[in-house]
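Keep the viewer open as you read.

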Amino acid sequence: MEEPKTSVKPRVSKAVTLTESGLMIAIMAICSWISIPLPGTGVPINLATFAVILTGLLLGSRRGAAATGVFVLLGAVGIPVFAGFTGGMGILAGPTGGYLVGYVFLAMAAGLASPAGQKRSVVRYLVCAAAGEILLYVLGTLWFIHLTSMGIGPALAACVIPFIPGDIAKMILAWIVARRLVKVMGH
């Protein structure tokens, strides 16, 4: 008797997973280092959200969130992967800590629309990425308010509104780059 054929997705080897994750962690660090501090907030403009979204898109939701979590943990233990070549628990406990933790959720959300998947819908991606950005903003802003005792209006004016145009541009750029890289990565 012949066994029924199943359509099983090929498994990605552990070596490939570790290599891709390590590369994306390095890209997140490099993009974090490219930053412009905003006076009065302690929250810099940088390319980290681009790299986090790209990580989710290229690695998928689960692996992208895991790689981003490792990036945050590396920074937490003192490896200077955060903006301004910084690292340590003090950074996570500081005004950007909520945003750094929010990166994990941003990667997870963006990964739900991974172009490596069968359905490569730009609308699905925009919804997923926007949801991830909203989670990032909520976590980061709540933590910022907790630390500074600033009201919601001034906190949004300092930590969200100035970042929206750039984050939209980074979402679009990440989608374009991911669509091209997926072909190279063989996903």
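**A walk through the chain**

Ser149 sits in the loop between helix 6 and helix 7. Before going further, bear in mind that this is a predicted model. What makes Ser149 worth a stop is its backbone: it has a positive phi of about 60° without being a glycine. Most residues other than glycine have a negative phi. Ser149 is also exposed, because its relative accessible area of 65% is over the 50% cut-off.

There's another case of this kind at Phe85, which is not a glycine either and has a positive phi of about 55°. You'll find Phe85 in the loop between helix 3 and helix 4 (89-93). With a relative accessibility of 53%, Phe85 counts as exposed.

Now zoom out to the whole fold. The chain has 8 helices and 2 strands, and reading along the sequence gives you α-β-β-α-α-α-α-α-α-α. Of the 187 residues in the chain, 43% are buried.

Next, the charged pairs. How many salt bridges are there? The count comes to 2. In one of them, Arg63 pairs with Glu20, and their closest N and O atoms are 2.5 Å apart. Arg63 belongs to helix 3 (residues 61-76) and Glu20 to helix 1 (residues 14-33), so this pair ties together parts that are 43 residues apart in sequence. Are these two partners buried or exposed? Arg63 has 17% relative accessibility and counts as buried; Glu20, at 12%, counts as buried too. The cut-off at work here is 20% relative accessible area, and buried means being under it.

The salt bridge between Lys170 and Asp167 has its closest N and O atoms 3.2 Å apart. Lys170 is buried, with a relative accessible area of 10%, and Asp167 counts as buried at 5% relative accessibility.

Ile152, Leu156, Ile161, Ile164, Ile168, Ile172 and Ile176 make a nonpolar surface patch of about 590 Å². Helix 7 (152-159) and helix 8 (164-185) are the elements that give two or more residues to this patch, and the largest share, 4 residues, comes from helix 8. Take Leu156 as an example: its place is in helix 7, and at 33% relative accessibility it counts as partly exposed.

The last stop is the second largest pocket, with a volume of about 370 Å³. It is lined by 26 residues, and the closest to its centre are Val43, Pro44, Asn46, Thr96 and Tyr103. Strand 2 (45-46), helix 2 (48-59), helix 5 (97-111), helix 6 (122-148) and helix 8 each give two or more residues to the lining. Helix 5 provides the largest share, with 3 residues.

Note on methods: Residues are numbered from 1 along each chain as its sequence is written. This is a predicted model: local features need pLDDT of at least 70, side-chain atom pairs count only at pLDDT 80 or more; totals for chains, interfaces and linings use all residues. Side-chain values use heavy atoms; hydrogens and water are left out. Patches are made of residues with over 30% relative accessible area and no salt bridge: like charges are joined within 9 Å, nonpolar side chains (Val, Leu, Ile, Met, Phe, Trp, Tyr) within 5 Å. Accessible areas come from the Shrake-Rupley method with a 1.4 Å probe; for residues, only the protein chains shown count as cover. A salt bridge is a side-chain nitrogen of Lys or Arg within 4 Å of a carboxyl oxygen of Asp or Glu. Buried means under 20% relative accessible area, exposed over 50%, partly exposed in between (1.4 Å probe, protein chains only). On a 1 Å grid over the protein atoms alone, a cavity is a set of points where a 1.4 Å probe fits but cannot get out, and a pocket is an open set with protein on both sides within 12 Å along at least five of seven lines; lining residues have an atom within 4 Å of a point. Grid points are joined across faces, edges and corners, and a volume is the space filled by probe spheres set on the points.
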